Amino acid sequence: MDSSKRKDSSNTVFADPNSENNDEEKEDLCPGFKDADAFVKYGLGAVLSATKASASLPQTGDEYDFYRSFPGFQEFCERQGDKLLQGMSQIMQHHGCRSHMRDRNKLTGLEERFDLVVDSNDVILERVGILLDEADGVNRSQQPVLPAGFQAPKIVVSSWNRKGSGSGSRSETFRLLHAKNIVRPQLKFREKVDNSNTPFVPKIFIKPNAVKPLPSYFTNKQIRKERPEDLDVPAALADFIHQQRTQEHVEDMFSHPYQYELDHFTLTESLLSKPQPLMYKPLDETKCSFIETLEDLVALNEKLCKLSEFAVDLEHHSYRSFLGLTCLMQISTRDEDFIIDTIELRGELYILNEAFTDPAIVKIFHGADSDMEWLQRDLGLYVVNLFDTHQASRALNLARHSLDHLLKHYCTVESDKRYQLADWRIRPLPEEMVQYARSDTHFLPYIYDCVREQLLDFNHGQPGLLQCVWNKSKDISLKKYVKPIFTEESYLELQRKQKRSFNTQQLTAFRLLFAWRDKLARQEDESTGFVLPTHMMNKISEEMPKEPQGIIACCNPVPPLVRQQVNELHLLVQQAREMPLLKAEIAAQKKKGLTPIKKADVTLFGPHDTSRVSESDLHNCSTDEMPIKQGMLFAEDEPKMDVDEENTSGLVAKAKITQFEEPETQNDPESLPVGQMKARRIIESFENPFRMYLPSNNVHISKNAKFDPSSKIFEISKRWKLQSIEQQQKELDAKKKAKEEKKELSKKVADERKKAKQSYQESLQNVPTVREQAAESVKPGTKRERVASDVGESTPKPSKKLLKSAEKPEKTEPPPPEPFKPFDYRKSDLKVFAGNKPTDNTQFDPNRQSNDFRKKKKPKGQKSNSGGGKSMSYMAGKSDRGFKHNWPKR
Ligand code: AMP
Ligand code: MN
Ligand code: ZN
């Protein structure tokens with residue numbers, strides 16, 4: 001790896017926008033190159049070869065350890081490592097981030113270094129953004145303050161979205177930069193996004209291809225209606241209480257709806273036998289349809305149900321949304337490509353569950369980890385019978401496991417990933433982006449054939465290796481989406497990652513800012529990175545500016561919500577300043593005179609900002625500090641955390657976020673007792689994800705097309721729900737019977753599947769009817785009539801066929817699944833939602849669950865992958881909540 005080349009190229013990428021600024025002077029800025037684009041192209045080429053070279057280095061783990069035992073290799077590594085660190089440090093310095101990459105031997109410092117690099121990247125990219133905006137005639141600092149809920153049309157579309165050279169016209173180069181007026185897609189959503197601080201509950205309400213019926217919680221709104229005792233309680237809470245009362249299993253609410261089916265999924269022989277690869281059709285000879293209406297979606301679903309496999313991919317946006325948004329779904333069959341607008345059809349996509357959960361149809365993904373979560377979270381979709389080509393690539397030990405690489409390897413297609421991080425909310429979707437999206441799935445069915453063939457060849461025809469890939473894929477499809485939950489401790493998790501020793505006041509500031517950011521991000525439906533990037537939060541906590549203006553000075557560029565709420569933030573900082581410093585803390589700080597408290601490691605300002613250097617001595621909390629060691633980015637002395645941690649844990653309990661005591665609540669004329677106020681807040685914080693299916697006077701819901709009898713979706717879901725309601729009723733009856741007739745329960749799973757399949761086949765026969773209806777209903781005239789009759793029936797009688805198919809599952813009521821240890825909500829401390837410190841460590845914490853899960857699932861040597869996501873400022877924000885995605889290498 002040639003570090004000087006790397007440096008050059010990185011500089012080029014980042015410096016390029018400068019050249020746009022000076023417009024005509026481009027050629028002077030890139031001596032030896034035709035224009036800036038040519039320079040960038042050269043730079044990217046250099047980066048690419050460096051990346052390739054690094055990918056071919058011995059992998060971490062055994063391989064690396066083995067090589068490392070040779071002194072020659074060791075020496076080489078160290079020399080190159082030094083060179084790289086030096087190069088990086090130079091780049092950082094060039095951008096005003098003072099740094100020296102020292103201490104190369106400290107492995108413990110690796111994560112810290114990584115964070116610093118991420119921080120620096122953020123700074124650099126932010127500057128790039130400002131410069132691009134400036135070049136585009138937008139002066140960010142003059143942004144008007146917009147009313148809450150309405151966001152500035154300014155969109156961060158950065159250099160990576162730019163079309164490279166070669167294609168010629170300048171207008172094309174900047175095409176995406178002009179897509180500034182993006183309407184927030186959330187405004188269109190019929191079902192409001194649920195950012196509440198409560199665990200995620202699956203969106204599913206009908207379950208195609210069920211072997212085990214969907215728990216009543218998800219289907220039975222009839223019962224809910226008949227609970228007069230709960231009328232004055234919010235719906236979600238009423239459900240919860242009802243379940244406690246009726247002893248229904250609460251775990252149903254949080255379990256994977258297709259867990260049972262996946263656990264009992266068996267591969268058919270054909271999936272383990274050697275395929276004859278079926279060549280893909282050339283892109284330009286393949287029909288590509290954009291799906292944005294329900295009729296088209298229903299027709300697509302029908303098409304898919306007849307296939308034996310198809311490929312799927314998703315595109316996602318995470319900067320201007322708290323939880324993230326699935327913007328696009330690409331599906332490729334052997335003959336056709338489909339691009340589905342998942343923003344437009346968000347509420348309807350669940351109908352694809354029919355194909356997605358059909359165990360007889362293989363769903364091919366590449367690197368499906370995140371996709372599984374996004375499908376569940378936004379679309380209520382699940383996958384049964386997944387094949388992940390990323391897992392196949394790993395099993396085959398290919399040089400790289402990215403889709404790019406597979407495309408090159410099997411299809412000799414040079415792909416271009418520059419749109420991967422584009423803003424996928426843009427509508428109408430530019431043609432280039434459609435083409436990009438399409439190529440993400442178009443070749444996958446063929447690749448699926450090739451890798452299966454090779455996996456068998458690799459293993460001398462034995463299915464072991466292939467089986468292994470199927471199993472890994474299944475594990476991925478069992479992944480559950482877990483919502484980020486705010487607890488009193490969340491900030492510590494992030495703070496620890498910063499590896500900065502904060503004193504009590506600074507830590508308090510950090511905690512208050514963290515809570516402010518989380519609350520505002522949920523409320524405004526923005527990412528935490530958009531509200532206040534972590535590095536700015538660090539800066540404010542560290543400096544604790546005395547004036548609101550000082551807070552603004554800590555942020556460059558100033559996030560709109562920071563500007564808007566700077567007075568609130570100032571109050572928080574003031575509150576933190578009032579915290580007394582502990583004696584031990586002061587002493588510890590003095591002791592640290594030898595090893596000074598580390599100030600912000602990276603100056604997060606541009607070169608024009610010199611405030612830190614000149615002012616640092618004036619700040620309150622730095623008066624008894626030694627002067628900062630210049631250029632100590634990666635200091636040898638690890639900050640001594642033990643002292644601080646001890647003290648802080650004592651302090652955390654005392655601290656209180658008064659910021660969020662809503663003024664109205666405080667001045668409530670009724671002046672409720674604290675306990676009741678908290679209870680009220682808990683209740684208010686509950687947002688039922690199924691609200692859309694409940695009758696209500698809420699405007700959002702009454703507008704809901706699912707209950708608008710004139711809407712097509714009403715017809716479809718009604719018909720489908722008939723099945724599940726029937727199934728539900730039968731299930732209840734069966735449960736009673738089951739107690740008496742235990743023999744029934746011991747029937748074999750193979751039997752069940754057979755029958756379920758049969759019942760599914762029968763139910764499939766209804767699909768054309770649904771489709772016909774959807775198609776028919778488009779015709780004017782016919783629609784009104786039929787709808788009226790449909791609505792007239794308050795309790796429509798299901799057809800015999802429907803009844804029959806619904807009957808199947810309980811006839812074959814499966815043996816009770818393995819004893820399941822439900823989370824006992826009676827033990828849980830709901831105070832956590834009211835902002836009280838939970839005392840019980842066994843508190844249900846979906847984040848923790850997910851982290852454990854991820855840790856377990858994370859394959860060896862993949863660590864570097866997760867870095868990809870962190871390279872953007874908003875991803876850094878996401879990772880704050882333990883939301884590090886394991887981006888598959890592309
Ligand atoms: P892909 O799997 O390449 O289709 O990517 C799906 C989505 O994941 C993209 O639309 C991006 O939102 C996101 N994504 C992929 N790779 C990265 C990355 N390295 N960093 C951040 N987001 C990513
Ligand atoms: Mn993907
Ligand atoms: Zn994609």
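Are Glu373 and Lys479 buried or exposed? In this predicted model, both Glu373 and Lys479 are buried. The two residues form a salt bridge, with their closest N and O atoms 3.3 Å apart. Glu373 belongs to helix α16 (residues 369–379), whereas Lys479 sits in the loop between α21 (464–477) and α22, so the pair ties together parts that are 106 residues apart in sequence.

The chain as a whole has 890 residues, of which 55% are buried. Its secondary structure consists of 43 helices and six strands. Among contacts with a separation of 6 or more, 75% are between residues 24 or more positions apart. The accessible surface of the chain is about 41,100 Å², and carbon and sulfur atoms contribute 54% of this area.

A search of the whole structure gives 27 salt bridges. One of these pairs is made by the side chains of Arg184 and Glu526, with an N to O distance of 3.0 Å. Arg184 and Glu526 are both buried.

The loop between α7 and α8 also holds Arg190. The side chain of Arg190 meets that of Glu348 in a salt bridge of 2.1 Å, N to O. Glu348 lies in the loop between β4 (336–341) and α15 (353–356), and the pair links distant parts of the chain, 158 residues apart. Glu348 counts as buried because its relative accessibility is 6%, under the 20% cut-off. Arg190 counts as partly exposed because its relative accessibility is 34%, a value between the limits of 20% and 50%.

The metal ions in the model include a zinc ion (ligand 3) and a manganese ion (ligand 2). The protein donors of the zinc ion (ligand 3) are Asp313 (OD), Glu315 (OE) and Asp440 (OD), at 1.8 to 2.0 Å from the ion. Along the chain, the donors of this zinc ion follow the spacing D-x1-E-x124-D. The site of the zinc ion (ligand 3) has four donor atoms and is tetrahedral, with angles of 94 to 121° among them. For comparison, the ideal angle for four tetrahedral donors is 109.5 degrees.

Asp313 bridges the zinc ion (ligand 3) and the manganese ion (ligand 2), and the two ions lie 4.3 Å apart. Asp313 is in strand β2 (residues 309–317) and Asp440 in helix α19 (residues 431–442), a pair that links distant parts of the chain, 127 residues apart. Asp313 and Asp440 are both buried.

Helix α22 spans residues 490–498. Its buried residues are Ser490, Tyr491, Leu492, Leu494, Gln495 and Gln498. The helix is followed by Lys499, which has a positive phi, near 50°.

Definitions and conventions: Residues numbered from 1 in each chain as written. Chains lettered and ligands numbered in written order. Predicted model: local features only at pLDDT ≥ 70, side-chain atom pairs only at ≥ 80, totals over all residues. Heavy atoms only, no water. Buried < 20%, exposed > 50% of the residue type's maximum accessible area, 1.4 Å probe, protein only. Helix = DSSP H or I, 4+ residues; strand = E, 2+ residues; numbered from the N terminus. Donors = N, O, S within 2.8 Å, 3.2 Å for Na, K, Ca; no water. Tetrahedral: all angles 85-135°; square planar, octahedral: opposite > 155°, others 65-115°. Salt bridge = Lys/Arg side-chain N within 4 Å of Asp/Glu carboxyl O. Contact = heavy atoms within 4.5 Å. Areas by Shrake-Rupley, 256 points an atom, 1.4 Å probe, with all protein chains shown as cover.
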